[in-house]
Amino acid sequence: MQRKKGILRLLISPLALLYGFVTGIRNMLFDMKILPSEKFPIPIICVGNLSVGGTGKTPFTEYLTALLLKHYRVATLSRGYKRRTKGFRIVEVGSYADEAGDEPCQLKQKYPDAIVAVDANRRRGINKLLALPENERPQVIILDDAMQHRYVTPSLTVMLTDYNNMYYEDHILPVGDLRESVYNAYRADIVIVTKCRNDLKPIHLRLIEKSMSLMANQKLFFSEIQYLDLQPVFKLTEIAACGMEEISKDEKILLITGIASPHTLINKIRTLANDVRVFTFPDHHDFVPTDIQAIDSVFKQLSAFKRRIICTEKDATRLRTADLPADWKPLLFYAPIRMQFLFGHGNRFDDLILKHVFSTININK
C-alpha cells in the first residue's frame with residue numbers, strides 16, 4: 001500500500017509543483033503590494049489554516065466568539081460554503097443551512113447575540129457590516145477560514161493545525177492537503193495545534209515547537225476537543241440530553257458524519273458501544289433521499305431495543321430540514337464539541353486576544 005501511495009505521489013507531483021508555483025506567485029504579489037490588500041479601522045481576526053479543512057475551525061471560532069461577546073459587539077463573516085444564495089447575507093436564528101451554510105447557522109443558534117454574516121467577497125462583507133447603524137455595528141470581526149483571502153489585511157491571524165496531520169509534515173495539493181506552501185505559516189501571529197491527545201507532555205510541545213521553527217513574535221498553543229452531552233436534534237418533549245457516559249456497551253449506534261475529519265468522533269463512539277455502524281459523507285454534505293434510504297435500511301436492521309442515531313452538530317443543521325422517517329426523530333442525537341486549551345494556557349490566550357482587540361480599538365479611535 002505504501003509503495004502504491006509513493007508511485008501515485010510521484011505521478012501527480014508535477015501538478016503539486018504547478019499548484020505551488022501559482023499560489024507562490026500570488027502570495028508574492030500580495031507581499032510586494034502589487035495586489036491590493038485593504039485594512040479596516042476595527043480589529044479583524046482571521047481564523048484559518050494552510051490545509052484543506054478538518055483542523056477544528058468551527059469549535060475555535062465558537063470559543064473566540066464566546067470570549068469576545070463578553071466585552072464587545074462581535075460579528076463573524078464566512079463564505080457560507082454550499083449555500084444556494086449569493087452575495088452578502090445576515091444569518092438569523094431561524095435561517096436554514098441552504099440559505100447561509102451549515103456552520104454559520106450552527107454558530108447563530110449557539111450565539112444569537114453575535115452578528116453572523118456570509119459573503120464570498122470578504123471586503124464587501126466587512127464594508128456591509130461597518131455600514132450597519134452605529135448601535136448595531138460590530139466592534140470586532142472574526143473572519144472564518146480566511147487565511148488565503150489576502151485582499152483583506154487582518155489585524156491578527158490565528159492559524160490552526162491538526163495534531164494528527166501537522167502542516168509541516170504535509171504536502172501541497174494534490175499530493176497532500178496544503179493549499180499553499182509551509183513557508184506561509186509566517187503570516188500567522190498565533191498558531192494553535194488542535195485535536196491533541198489529552199496526555200500530551202511538555203516534551204512533545206518542545207519537539208513540535210522545534211519542528212515548526214516559529215519566529216520570535218509567533219505564539220504557540222495546544223488544544224483538545226471535548227465532547228459534551230448528546231443533544232436531541234428534534235426538540236421533542238419526551239427526549240432529554242444524554243451524557244456520553246450514559247451510552248452502554250450493548251447499545252446499537254448508527255453514526256452519521258459529514259465533516260472533513262470524522263475519525264476523532266468515530267473513535268470516541270467506538271470506545272463507548274460495541275456495535276457501531278458508520279456512514280461517512282463528504283464535508284458539508286447535503287442529505288438527499290437516496291442517502292436517507294441507505295441509512296434507514298441499516299437502521300431497520302438494528303435491534304429495536306437500545307438503539308440510537310448520532311450525528312455531528314454540523315450535520316444536525318442539515319438533517320433537521322431533510323425528509324426523515326418518523327421513527328428516527330426520537331432517537332436522533334448530535335454530539336456537541338468544544339475546544340479547550342492544554343497546560344492551563346487558556347487564560348494566557350484569552351488575555352492575548354483581549355489585549356489585541358483593546359489596543360487596536362484605541363489606536364483607531
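**View 1. A304 sits in the loop between α8 (289–301) and β12 (307–312).** Like everything shown in these views, this spot comes from a predicted model. Is A304 buried or exposed? A304 is exposed, with a relative accessible area of 66%. For a sense of distance, pick out P262, which lies 42 residues from A304 along the chain. The C-alpha atoms of A304 and P262 are separated by 26 Å.

**View 2. Five strands make up an open sheet with mixed pairing.** Reading across, the order is β9-β13-β12-β10-β11. Which strands stand at the edges? Those are β9 (231–232) and β11 (275–280), and each has a single partner strand, so one side of each is left without a neighbour in the sheet.

View 3. In general, strands of a sheet pair through backbone hydrogen bonds, either parallel or antiparallel. To find your bearings, look for I309, which stands opposite L332 in β13.

**View 4. Helix α2 (residues 57–69) crosses helix α10 (residues 346–363).** Two packed helices are described by the angle between their axes and the distance between the axes. For α2 and α10, the axes come within 11 Å and cross at roughly 65°. The crossing is right-handed. On the α2 side, the contact is made by F60, Y63, L64, L67 and L68. From α10 come G346, F349, D350, I353, L354 and V357. Sorted by type, the residues of this contact divide into nine nonpolar, one polar and one charged.

**View 5. The largest nonpolar core brings together 39 residues.** Which residues have the most contacts inside this core? They are I126, I141, V193, M212 and F222. Several elements give two or more residues to the core, among them β1 (44–48), α5 (122–130), β7 (190–194), α6 (202–212) and β8 (219–227). A second, separate core has 22 residues, including V74, V158, I192 and I353; I353 also takes part in the contact of α10 with α2.

**View 6. Zooming in on M212, one of the residues with the most contacts inside the largest core.** What does M212 touch, leaving aside its neighbours within four places in sequence? M212 is in contact with T161, M166, Y167, Y168, V191, V193 and L220. One of these, V193, is also on the list of residues with the most contacts inside that core.

Technical notes. Residues are numbered from 1 along each chain as its sequence is written. This is a predicted model: local features need pLDDT of at least 70, side-chain atom pairs count only at pLDDT 80 or more; totals for chains, interfaces and linings use all residues. Side-chain values use heavy atoms; hydrogens and water are left out. A nonpolar core is a set of buried Ala, Val, Leu, Ile, Met, Phe, Trp, Tyr and Cys residues joined through side-chain atoms within 4.5 Å. Buried means under 20% relative accessible area, exposed over 50%, partly exposed in between (1.4 Å probe, protein chains only). Helices (H or I, at least four residues) and strands (E, at least two) are DSSP runs, numbered from the N terminus. Contact means heavy atoms within 4.5 Å. Axes are lines fitted to C-alpha atoms, for helices over the stretch in contact, and angles run from 0 to 180 degrees between N-to-C directions. A crossing is left-handed if the near helix is turned anticlockwise from the far one by less than a right angle, and right-handed if clockwise. Ala, Val, Leu, Ile, Met, Phe, Trp, Tyr, Cys and Pro count as nonpolar, Asp, Glu, Lys and Arg as charged, and the others, Gly among them, as polar. Two strands pair if DSSP finds at least two bridges between them.
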